[in-house]
Amino acid sequence: MNRPLKIALSAITLAQFLKIPIKYVRTGRWEWSTFFETGGMPSSHSAGVSALATIIALKRGYKTIDFALSAIFGLIVMYDAQGVRRQTGEITLAVNDLAEKLDRLEGKPDKNVHDKLEKRLKERLGHQPEEVVGGALFGIALAFLGMHLLPKKKKMELWDKL
């Protein structure tokens, strides 16, 4: 596997892992399932695409078509993460709230049943803008570290083969 791919995948994985202690600081509970959730701080999508674009800029230069493609791809991913997916999450909040209100109107007692239902729609789908920026900065930092810390593959010269 090549270094840029290793670093970008590491950025995604580490960003997902960082969500666990960040959530602990906010809620006081360790929730390991957070690793598999979408949304939250930092955005792993942003971390991955930012790491990849940074590596391309470092290796090929920022004036190349490779960097242009990765930068545009990254911007679309980050826009989607904080725009469309976040709006979908907010609509889901409203739908879940509406289901609870309908139950109350029907006279069913409120025992926080909806919080425990499996059919309750997932509310954390997208990111707040600061989560996207946090993921992007994390990806950029990890790309710089990875390019300088991971060993470079040594090219074999013709005379080394002999």
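Biologist: What relative accessibility does F35 have, and does F35 count as buried, partly exposed or exposed?

Modeller: This is a predicted model, in which local features need pLDDT of at least 70 and side-chain atom pairs count only at pLDDT 80 or more, while totals for chains, interfaces and linings use all residues. Residues are numbered from 1 along each chain as its sequence is written, and side-chain values use heavy atoms, leaving out hydrogens and water.

F35 has a relative accessibility of 25%, so F35 counts as partly exposed (buried is under 20% relative accessible area, exposed over 50%, partly exposed in between, with a 1.4 Å probe and protein chains only). F36 has a relative accessible area of 69% and is therefore exposed.

Searching the whole structure gives three aromatic pairs (rings of Phe, Tyr and Trp, the last by its six-membered ring, with centres within 6.5 Å; planes under 30 degrees apart are stacked, over 60 edge-to-face, the rest tilted). One of them joins Y24 and W30: the ring centres are 4.3 Å apart and the planes lie at 10 degrees, so this pair is stacked. Y24 is partly exposed, at 33% relative accessibility, and W30 is partly exposed as well, with 47% relative accessible area. F35 and F36 make an edge-to-face pair, with 5.0 Å from centre to centre and 85 degrees between the planes.

Y24 and W30 also belong to a cluster: ring pairs link these two residues and W32.
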